[in-house]
Amino acid sequence: MLQLKCPWCGPRDETEYHYGGQAHVPYPEDPSALTDQEWAQYLFFRDNPKGPFAERWSHTIGCRRWFNVIRDTRTYEVLAVYTATDPRPDVASGGQA
Amino acid sequence: MADLTLLRRSPLETPFVSMAGLRVDPDSDGARSIEGVLGAALPRQCGVVTRNGAHSVLWLGPDEWLFVSEAETRSLVADLRAATVDAHAAVVDLSANRAVFELAGVNARKVLEKGCPVDLHPRVLADDTAVSTTLARVPVLLWKVDETLFRILPRSSFAPYVESWLRDAMEEFAPWDQSGS
């Protein structure tokens, strides 16, 4: 069982959260200017790194807030937890998510 | 050994407990206006319960609170609405939203620990703390009044399930009491 530390509620079990996929995927500046291929890339294609990965989580059972987690996909180690308004922290083990 | 654990529909539930939801920016004039009416600060931290007179305020999120009150629902909601009339805020009557159970007795924590992922030990969960979590896999608001009294607030539609789960969970602590009262 993964335990995540919600920025507002503290450590809670994974069952209280909902997973939201990759973080920091910006909405296109001008969606109508995109080709079908670029739009499909934005909608459906996500990174799948082996190592640190920034992802979104929502504390659905608790405060219902969204926040970001950097998790190592090899070890499930949680490297950082930060809110959506915080800048993405540099995690020690580095690597591009 | 007086360790009889009793479950009862809260006496607060009949008549229904007055509950109101509040959403407002905690740094806004609306929040300060509410605090003026309440006579106490809105809790700013997970778990904290503040109270003044008939009203208790439970923290649900950084900008969301639940008022649980012995006052009449209409006057509670009217007072809160009057305080936020010019503010960007929402006050909603949630009295029928949740059922209120009280679990009392020295074994109350042992009963809840069978189905609650939060650490209920007093070194972690202080008296007069309310947290949103799950009990028997359904979402509840768990309000620890003290070590021998917990209030459990599931959504009303989950109330029969939570009640039967609690009766089953506490059976071992009161095997002589089969009356189901």
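**A loop and its setting**

Guide: A136(B) is found in the loop that joins β8 (129-135) to β9 (138-146) in chain B; helices (H or I, at least four residues) and strands (E, at least two) are DSSP runs, numbered from the N terminus. The model is predicted, with local features requiring pLDDT of at least 70 and side-chain atom pairs counting only at pLDDT 80 or more, while totals for chains, interfaces and linings use all residues. Residues are numbered from 1 along each chain as its sequence is written, chains are lettered from A and ligands numbered from 1 in the order in which they are written, and side-chain values use heavy atoms, with hydrogens and water left out.

A136(B) has a positive phi of about 50°, although it is not a glycine. Is A136(B) buried or exposed? Its relative accessible area is 6%, so it counts as buried; the term means under 20% relative accessible area, exposed means over 50%, and partly exposed lies in between (1.4 Å probe, protein chains only).

Another loop of chain B, between β3 (49-52) and β4 (55-61), holds G53(B). G53(B) counts as exposed because its relative accessibility is 74%. From the C-alpha atom of G53(B) to that of V131(B) the separation is 22 Å, for two residues 78 apart along the chain.

The strands on either side of G53(B) belong to an open, antiparallel sheet of five strands in chain B, in the order β3-β4-β5-β2-β6; two strands pair if DSSP finds at least two bridges between them. β3 and β6 (89-93) of chain B each have a single partner strand, so they stand at the edges and one side of each is left without a neighbour in the sheet. On average, neighbouring strands of this sheet are turned by 20° against each other, direction ignored; axes are lines fitted to C-alpha atoms, for helices over the stretch in contact, and angles run from 0 to 180 degrees between N-to-C directions. Within the sheet, β4(B) and β5(B) pair in the antiparallel sense over six bridges, and H55(B) stands opposite S69(B) in β5(B).

Helix α1(B) lies across β2, β3, β4 and β5 of chain B and runs at about 150° to β2(B). Which residues of helix α1 (residues 29-38) of chain B are buried? They are G30(B), A31(B), I34(B), E35(B) and L38(B). Seen down the axis of α1(B), these residues fall within an arc of 140°, so they line one face of the helix; the arc is that of the directions from the helix axis to the C-beta atoms. They pack against β2 (18-24), β3, β4, β5 (64-69) and α2 (73-83) of chain B, where contact means heavy atoms within 4.5 Å. The face of α1(B) turned away from this buried side carries the exposed residues D29(B) and G36(B). After α1(B) comes G39(B), with a positive phi near 80°.

Chain A has one helix and six strands, which follow the pattern β-β-β-α-β-β-β along the sequence. Of its 97 residues, 38% count as buried. Four of the strands form an open antiparallel sheet in the order β3-β4-β5-β6, with β3 (18-22) and β6 (78-83) as the edge strands, each pairing on one side only. Neighbouring strands here are turned by 30° against each other on average, direction ignored. In chain A, β4 (residues 52-58) and β5 (residues 66-72) pair in the antiparallel sense over seven bridges, and F53(A) stands opposite R71(A) in β5(A). The loop between β5 and β6 of chain A contains Y76(A); phi of Y76(A) is near 65°, a positive value in a residue other than glycine.

The interface remains to be described. Ten residues of chain A are in contact with 15 residues of chain B. The two chains bury about 980 Å² between them, 51% of it on carbon and sulfur atoms; buried area is the accessible area (1.4 Å probe) that two parts lose on being put together, summed over both. R12(A), I61(A) and R65(A) supply 44% of the area that chain A buries against chain B, more than any other three residues. The rule finds two salt bridges across this interface, each being a side-chain nitrogen of Lys or Arg within 4 Å of a carboxyl oxygen of Asp or Glu. The side chains of R65(A) and D63(B) meet in a salt bridge at 2.8 Å, N to O.
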